[in-house]
Amino acid sequence: MQRLARRRSTGRTPLRFSTQTLLLQLGVVALAVLLSAAVHAWLTYDRLGREAESQALTLARTVASDPAVRADVQQISAQPGTPPAAELLTGPLMAAAEGARTRTGALFVVITDETGLRLAHPDADRLGERVSTDPSEALAGKEVTTRNTGTLGPSAGAKVPVFAPGSQAVIGEVSVGYSTETIGQSLARDIIPIALTAAGALLAGVLGSFLLRRRLQRLTLGLEPEEISTLVHDQVAVLQGVDDGVIGIAADGRISVFNAAAQRLLDLPDLAGAPWDAAQVPAQLRALTSADAAEGDAVEFVAGGRVLVASARKALHGREDLGWVVMLRDRTELQQLTQQLDAVGTMSTALRAQRHEFANQLHTIAGFMSIGQHQQAREYVARLAATGPLKFPVDQAELLQDPYLQAFLGAKGVEADERGVSLRLGPETLVRGQVIEPQEVTTVLGNLIDNAVNAAVAGSAAERWVEVEVLDEPGTGAGPGTLHIVVGDSGDGLPAGAVDGDEVFTEGFTTSDRPVRAGAGQGLGLALARQLARRRGGDVRVLDRGSPGGPGAVFMATLPGTTLNGKDSDA
């Protein structure tokens with residue numbers, strides 16, 4: 001870990017950037033030198049340098065391929081830390097490197113471990129220290145030739161990786177260099193004037209490189225290329241791996257991120273690159289990023305047949321404004337679960353009431369028996385057998401041959417009765433088929449009944465009632481049929497502020513006098529019911545706005561593909 005930390009602390013990416021910039025400027029200087037220098041001097045210098053590099057590369061390959069050197073480097077790399085300089089000085093690697101250097105006349109033969117720490121060096125005081133030139137390319141498995149100035153002076157050399165015995169794992173590198181001072185001295189007298197010109201060009205190049213680097217830092221927010229690559233990979237992994245929708249809006253007003261979850265929740269294609277103000281997203285989302293919006297506020301709305309909760313936060317990097325991040329979460333399943341729990345609670349209440357009624361009937365029979373009124377007990381039991389021992393909360397329930405609708409409307413009837421509202425079936429009610437989409441039927445029918453009960457309770461009529469008519473229309477052949485639902489109440493109708501009947505289907509519309517609590521789902525029932533119906537090719541609409549004093553508003557829902565033809569549908 002310490003070696004890895006040392007590698008990161010060296011800032012290899014900035015060095016590569018600086019090297020590229022310097023190479024560009026040196027190319028400009030070299031061009032100026034070529035225009036003024038004698039051709040033979042440059043060719044001589046270049047030829048001698050290439051020969052030195054070639055010799056250095058050959059010697060470096062020879063040393064790096066030595067089995068003993070590879071084994072010794074692997075042994076040292078496997079140890080924790082680096083051996084002391086005294087131990088390295090008398091070790092076999094030092095002997096092998098110095099032997100090769102003295103035989104070939106090289107300026108230096110240096111052997112390092114996989115982190116660039118010297119294991120062999122002509123200067124004993126440098127053992128165990130990091131090499132003065134960048135070893136990253138050699139440690140990455142590449143052979144490179146270099147011309148630079150190290151601790152022993154200017155040289156033309158090469159760097160070759162050292163591989164572990166029997167594998168291609170890099171465990172170190174061998175650096176060999178030949179002195180270029182002799183070549184430089186022979187040409188110094190001829191290039192002094194050119195050197196002054198090159199120095200001026202180099203100064204201009206450094207200044208230009210500095211300005212270019214500053215601009216790149218501003219454009220990349222001070223991040224290095226490796227960091228940017230890591231951030232991109234992390235962003236893709238996170239954005240595609242979460243179930244929440246994420247929308248990023250850049251500071252210039254364009255959508256920079258629109259992940260797959262956001263596309264699925266909003267039922268929209270990828271909008272990345274589109275202007276945020278003109279994007280086809282719900283208006284509630286754009287309102288979250290307006291200038292007067294409070295950061296962190298959450299809004300609830302319906303989109304694509306789902307109940308969504310959205311929040312937005314400002315994205316900052318230091319003091320720089322990066323735009324907005326909008327988060328989308330799906331609350332549809334939670335709301336459906338809440339409705340199911342409400343239905344279970346209603347059914348439990350109904351069962352408790354029926355259990356109480358049943359217990360009273362048993363007590364009555366027991367009383368007749370205890371006082372010897374056997375004939376009256378038989379007559380009472382006969383009446384119960386004829387009419388049923390329990391009173392169903394909705395009259396004429398036999399018009400609904402589907403048991404699911406009977407149970408659901410029965411539970412709603414008990415709930416309405418507890419609030420002083422009578423739930424009844426209309427004269428046009430007739431269902432001969434079977435419901436095959438109970439969840440969507442529950443959502444639409446339950447919301448319409450709940451709203452009607454609320455309106456009846458809040459209305460001014462003396463008699464409070466809700467009337468439901470359910471009629472199934474058989475489908476073609478063996479295909480699914482359509483369920484038609486009409487719900488009316490005794491309330492005071494739609495409020496005067498609702499000029500257009502469709503306004504009641506907008507998110508957040510409610511006739512309740514109680515304040516809307518954030519996240520409670522209030523004002524979403526009708527909007528969700530309409531979207532579910534329209535997604536199936538049907539609709540929910542207002543048939544009658546109602547009037548003050550009653551009767552109240554009348555709603556109609558059409559749900560195609562929700563029933564199957566009953567056995568008697570063709571009778």
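This is a predicted model: local features need pLDDT of at least 70, side-chain atom pairs count only at pLDDT 80 or more; totals for chains, interfaces and linings use all residues.
## The chain as a whole

Let's start with the big picture. The protein chain has 571 residues, and 38% of them are buried. Its secondary structure consists of 16 helices and 16 strands. The chain exposes about 31,000 Å², with carbon and sulfur atoms supplying 56% of that area.

Leucine 265 gives you a pair to look for: its C-alpha atom and that of alanine 303 are separated by 7.4 Å, although the two residues are 38 places apart along the chain. Leucine 265 is found in helix H10, residues 260-266. This leucine counts as buried because its relative accessible area is 1%, which is under the 20% cut-off.

## A covered strand: E1

Next, find strand E1, which covers residues 108-113. Here 6 of the 6 residues are buried. Phe108, Val110 and Thr112 point one way from E1, while Val109, Ile111 and Asp113 point the other way, and all are buried.

Which strands pair with E1? One is strand E5 (residues 170-179), joined to E1 in the antiparallel sense over 6 bridges. Another is strand E2 (residues 118-120), also antiparallel to E1, over 2 bridges. Isoleucine 111 is a handy landmark: it stands opposite valine 174 in E5 and opposite alanine 120 in E2. E1 and E2 form a hairpin with 4 residues between them, and glycine 116 in that turn has a positive phi of about 90°.

## An open sheet of five strands

Further along is an open sheet of 5 strands, in the order E7-E6-E10-E9-E8, with antiparallel pairing. Its edge strands are E7 (255-258) and E8 (298-303), each of which pairs on one side only. From one strand to the next, the twist averages 25°.

Inside this sheet, strand E9 (residues 306-317) and strand E10 (residues 320-330) pair over 10 bridges, in the antiparallel sense. To follow this pairing on the model, look for leucine 316, which stands opposite aspartate 321 in E10. A helix also belongs to the picture: H16 (residues 525-535) lies across E8 and E9 and runs at about 30° to E8.

The largest nonpolar core has 41 residues, and the members that touch the most others are Leu445, Leu448, Val466, Val468 and Ile485. Several elements give two or more residues to this core, including helix H14 (403-418), strand E13 (465-473), strand E14 (481-489) and H16. The largest share, 8 residues, comes from helix H15.

What does leucine 448 touch, leaving aside its neighbours within four places in sequence? Its contacts are Ile485, Val487, Leu526, Val540, Phe555 and Ala557. Apart from this core lies another, of 30 residues, with Met94, Ala97, Val160 and Val162 among them.

## Salt bridges

Side chains of opposite charge can pair when their charged atoms come close. A search of the whole structure finds 13 salt bridges. In one of them, arginine 147 joins glutamate 53, with the closest N and O atoms 2.6 Å apart. Arginine 147 lies in strand E3 and glutamate 53 in helix H3, so this pair ties together parts that are 94 residues apart in sequence. Are the two partners buried or exposed? Arginine 147 counts as partly exposed at 35% relative accessibility, whereas glutamate 53 is buried at 14%.

Arginine 536 and glutamate 440 form another salt bridge, and their closest N and O atoms are 3.2 Å apart. Arginine 536 lies in the loop between H16 and strand E15, and glutamate 440 in helix H15, so parts 96 residues apart in sequence are tied together. Arginine 536 is partly exposed at 25%, while glutamate 440 is buried at 17%. Aspartate 539 also forms a salt bridge, with arginine 534, at 3.0 Å between the closest N and O atoms. Finally, Arg118, Asp123, Arg126 and Glu129 are linked in a network of salt bridges.

Methods
Residues are numbered from 1 along each chain as its sequence is written. Side-chain values use heavy atoms; hydrogens and water are left out. Two strands pair if DSSP finds at least two bridges between them. Axes are lines fitted to C-alpha atoms, for helices over the stretch in contact, and angles run from 0 to 180 degrees between N-to-C directions. Contact means heavy atoms within 4.5 Å. A nonpolar core is a set of buried Ala, Val, Leu, Ile, Met, Phe, Trp, Tyr and Cys residues joined through side-chain atoms within 4.5 Å. Buried means under 20% relative accessible area, exposed over 50%, partly exposed in between (1.4 Å probe, protein chains only). Accessible areas come from the Shrake-Rupley method with a 1.4 Å probe; for residues, only the protein chains shown count as cover. A salt bridge is a side-chain nitrogen of Lys or Arg within 4 Å of a carboxyl oxygen of Asp or Glu.
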